[in-house]
Amino acid sequence: MKTVDIQPVKDFLACATPQSWLESALDNQSILLIDHANCEKKAASTALNLMYRYVDKPDLLQRMSKLAREELRHFEQVLAIMQKRNIDYIQLSSARYAGGLREFMRTSEPGKLIDVLIVGAFIEARSCERFDQLAPLLDAELADFYTSLLRSESRHFMDYLKLARQYAKEAGVDASDVDARIDFFAEKEAELILAPDREFRFHSGAPH
């Protein structure tokens, strides 16, 4: 399989996934897959919500429509692997990760849309980084699957970031202000990833 350069993703994130999380993932592969499936559903839902909320933005509609289809296809692929491995799709509590980022988002436009897109970029970037870190540690089937996701996840990260910059510019927001928001969320995202978590999830922090 052709390798994917995810260095831009790594450069975007303020920290790498802790080794302790990777070790926990290997010990909790059923939970990893279940929560991965949840993440794909949530990613598709986020894209669809943006399509409903911002019907006047054709570039966003096009990119989010494609993203939602890809995320649902990934969900189907994870579900197939779970069924093959006799992993029941049980209910899991959500990680604090996404909510922890969203609590800092602005509530009025254009800041609201810019922040939603920046947070989407961080969630996609972290997913991509974790797929890359996990792939060499997993069995051949999962390694191939996670490696296959790198291209689309890295593209999703870039799509969110490009849209954030595009709509900021259209709204007359200075590029330096967007960079400041990216730096702010990079710091918050790293805090969530490095902070201890009692429950293992795909986007959880270091095991407590």
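**A few notes on this predicted model**

1. Let's start at an aromatic ring: R130 sits over the face of W21, 3.9 Å from the ring centre. Please keep in mind that this is a predicted model. W21 also belongs to an aromatic cluster, whose other members are F131, F145, Y146, F200 and F202. If you have the structure open, W21 is a handy place to begin, as the ring with R130 over its face and as a member of that cluster.

2. Searching the whole structure turns up 10 of them. One of these is formed by F75 and Y89, a tilted pair with 6.3 Å from centre to centre and 45 degrees between the planes. Helix α4 holds F75, while Y89 lies in the loop between α4 and α5, so this pair ties together parts that are 14 residues apart in sequence.

3. Are the two partners buried or exposed? F75 counts as buried, because its relative accessibility is 15% and the cut-off for buried is under 20%. Y89, at 32% relative accessibility, counts as partly exposed.

4. Staying with helix α4, which spans residues 58-84, have a look at E70. This glutamate is buried, with a relative accessible area of 18%, again under the 20% cut-off. What does E70 touch, leaving aside residues up to four places away in sequence? Its contacts are S152, R155 and H156.

5. Next, the largest pocket, which holds about 560 Å³ of space. Its lining is made up of 31 residues, and K42, T46, A98, R102 and I123 are the ones nearest its centre. Which of them gives the most? That is α3, with 10 residues.

6. By class, 13 of the lining residues are nonpolar, 8 are polar and 10 are charged.

7. Finally, a glycine to look up: G111, which is found in helix α6. G111 is buried, at 9% relative accessible area. How far apart are G111 and A171 in sequence and in space? Along the sequence they are separated by 60 residues, and in space by 9.5 Å from C-alpha to C-alpha.

Key
Residues are numbered from 1 along each chain as its sequence is written. This is a predicted model: local features need pLDDT of at least 70, side-chain atom pairs count only at pLDDT 80 or more; totals for chains, interfaces and linings use all residues. Side-chain values use heavy atoms; hydrogens and water are left out. On a 1 Å grid over the protein atoms alone, a cavity is a set of points where a 1.4 Å probe fits but cannot get out, and a pocket is an open set with protein on both sides within 12 Å along at least five of seven lines; lining residues have an atom within 4 Å of a point. Grid points are joined across faces, edges and corners, and a volume is the space filled by probe spheres set on the points. Helices (H or I, at least four residues) and strands (E, at least two) are DSSP runs, numbered from the N terminus. Ala, Val, Leu, Ile, Met, Phe, Trp, Tyr, Cys and Pro count as nonpolar, Asp, Glu, Lys and Arg as charged, and the others, Gly among them, as polar. Buried means under 20% relative accessible area, exposed over 50%, partly exposed in between (1.4 Å probe, protein chains only). Contact means heavy atoms within 4.5 Å. Rings of Phe, Tyr and Trp (its six-membered ring) pair if their centres lie within 6.5 Å; planes under 30 degrees apart count as stacked, over 60 as edge-to-face and the rest as tilted. A charge sits over a ring if NZ of Lys or CZ of Arg is within 6 Å of the ring centre and within 35 degrees of the ring normal.
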